[in-house]
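Subject: Structure handed over, with notes

Dear colleague,

I am passing on the structure we spoke about, and my notes on it follow below. Please read them with the sequence and the model open beside you.

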Amino acid sequence: MGSRRSPLRPRDVIVFALLLVIAGGGLYAADGRPIGELLEETGAILEWDDFSRSGMIWKGLDSIGFMSGEEIAVADFTELMRIEPIVYELGRLYVPDPTFEALVQRLGRVGPAPRLRPVKAIVIDAGHGGRDPGAVRTVTVDGESTMYMEKEFALDIAQRIRSELTPLIDGPEIVLTRDSDVFLELPERTELANNLREDPLDNILFISIHVNSSAALWGDGRGVEIFYLPPTQRRQVLEASVAETLEPDISAILNNLKEEEYTWESVQMGYAILEAVATYVPETPIERGVRVANFHVVREARMPSILVETGFINNREDLALLADSAYRQRMAEGVAAGIAAYVEDFETLQ
Ligand SMILES: [Zn+2]
């Protein structure tokens, strides 16, 4: 990035114009990338004068002056740059690749959006485990029986989500409630998540992974379904350390606001995941959508929390998919992509 910063003075404009005239130039066919891409990549703005066919690219006080078809540009009104010409054609400006690179070097890239509300941790909860197998179905093919257990699918998908999510996010810690076939009481899962919060303002997200089943041995119900806590379910979400410093009335109001915020964020996270799953796993129905249900883990995690049912174990088509590691992999990729998209929104918006 240029270090010389000079205000625009009439003398500079004259010098700039003279330099361009001296530099001369020929006719060039439009080649390269639209200038909009350069502006997007650098965060710069363009002033273009259609009459003189000259432009100024501004980033803060740094500037690049150029004319269509000219091999010379002027940085910060003083420094000559030899470039492959930027060309104006049919109402658009095109920047040749070498010039594009040189100007990106000169102006700097746009930094990542600031993390206004950093997420501290993402808890991936693999449902069931150990002596609790979750839903179970046995399939017999040619006299050979295979028993499928929800706890195994949930753990496998949760571990795959961790692998897929790790390279997609920069900052939040990813925590699995269990990483092997062990039994955990439901409160242990939510306490683990709640205890990650060292400061009352720490943001944590909770995603529980399960496999669905209906009452029948085999049913027609299929696909992905995502649950969040019904807004009518009242709960204490304000941290005790904060609540005890406040008047009871104020504490109740803040608690309500926090509950509403968590509900809204849970729904947003649910839709982000559903949308990504629809892209990564097009063969699974998503019509069941994002719905309310009073599950222990979504109720007791004091944070945006959802429960993802990744298919029905008692539907033969879904079970065939769940039993296929390629399906579980793409399901994990979809859930991870949805979480990553939601984290970005969560951290950079409002
Ligand atoms: Zn379950």
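In this predicted model, the buried residues of helix α3 pack against β1, α2 (35-42), β3 (54-59), β4 (62-67), β5 (72-75) and β8. Helix α3 covers residues 97-107, and its buried residues are Thr 99, Phe 100, Leu 103, Arg 106 and Leu 107. Seen down the helix axis, these buried residues fall within an arc of 130°, so they line one face of α3. An α-helix has 3.6 residues a turn, so residues three or four places apart point the same way. On the face turned away from the buried side, α3 carries the exposed residues Asp 97, Pro 98, Glu 101 and Gln 105. The residue that follows α3 is Gly 108, which has a positive phi, near 85°.

Two of the strands that α3 packs against, β1 and β8, also belong to an open sheet of 3 strands, in which the order is β1-β8-β7 and the pairing is antiparallel. The edges of this sheet are held by β1 (33-34) and β7 (87-89), and each of them has a single partner strand, so one side of each is left without a neighbour in the sheet. Strand β8 takes in residues 92-95 and is joined to β1 by 2 bridges, the two strands running antiparallel; here Pro 34 stands opposite Tyr 94 in β8. Between β7 and β8 the antiparallel pairing extends over 3 bridges, and Tyr 88 stands opposite Leu 93 in β8.

The strands β7 and β8 also form a hairpin, with 2 residues between them. Leu 90 is found in the loop that lies between these two strands, and its phi is near 50°, a positive value in a residue other than glycine. Most residues other than glycine have a negative phi. A second residue of this kind is Phe 77, whose phi is positive at about 65° although it is not a glycine, and whose place is in the loop between β5 and β6 (79-82). Which of these two is buried, and which is exposed? Phe 77 is buried, with 20 other C-beta atoms within 10 Å, whereas Leu 90, with 6 C-beta neighbours inside 10 Å, counts as exposed.

Turning to the whole chain, the protein is divided into domain 1 (10-107) and domain 2 (119-348), and the C-alpha centres of the two domains lie 51 Å apart. One pair of residues gives a further sense of the distances in the model: the C-alpha atoms of Met 67 and Phe 206, which are 139 residues apart along the chain, are separated by 54 Å. Met 67 is found in strand β4, and with 23 C-beta neighbours inside 10 Å it counts as buried.

The protein has 10 helices and 16 strands. Its radius of gyration is 28 Å, well over the 20 Å that the globule rule gives for 350 residues, so the protein is more spread out than a compact globule. Along its principal axes, the C-alpha trace spans about 85 × 65 × 30 Å. Of the 350 residues, 38% count as buried, and among the contacts between residues at least 6 apart in sequence, 72% join residues at least 24 apart.

Finally, there are the nonpolar cores. The largest has 58 residues, and those with the most contacts inside it are Leu 205, Ile 273, Ile 306, Val 335 and Ile 339. Helix α10 (residues 325-348) gives the most to this core, with 11 residues. If its neighbours within four places in sequence are left aside, Val 335 is in contact with Ile 161, Ile 273, Val 277 and Val 308. Apart from this core lies another one, of 20 residues, among them Ile 64, Val 87, Tyr 88 and Tyr 94. Of these, Tyr 88 and Tyr 94 have already come up in the sheet, where Tyr 88 stands opposite Leu 93 and Tyr 94 stands opposite Pro 34.

With kind regards

Methods
Residues numbered from 1 in each chain as written. Predicted model: local features only at pLDDT ≥ 70, side-chain atom pairs only at ≥ 80, totals over all residues. Domains from an automatic or database assignment. Pairing = 2+ DSSP bridges. Helix = DSSP H or I, 4+ residues; strand = E, 2+ residues; numbered from the N terminus. Core = buried A, V, L, I, M, F, W, Y, C linked by C-beta atoms within 7 Å. Buried ≥ 20, exposed ≤ 12 C-beta atoms within 10 Å, placed from the backbone. Contact = placed C-beta atoms within 7 Å. Rg over C-alpha atoms; globule rule 2.2 N^0.38 Å. Arc of directions from axis to C-beta.
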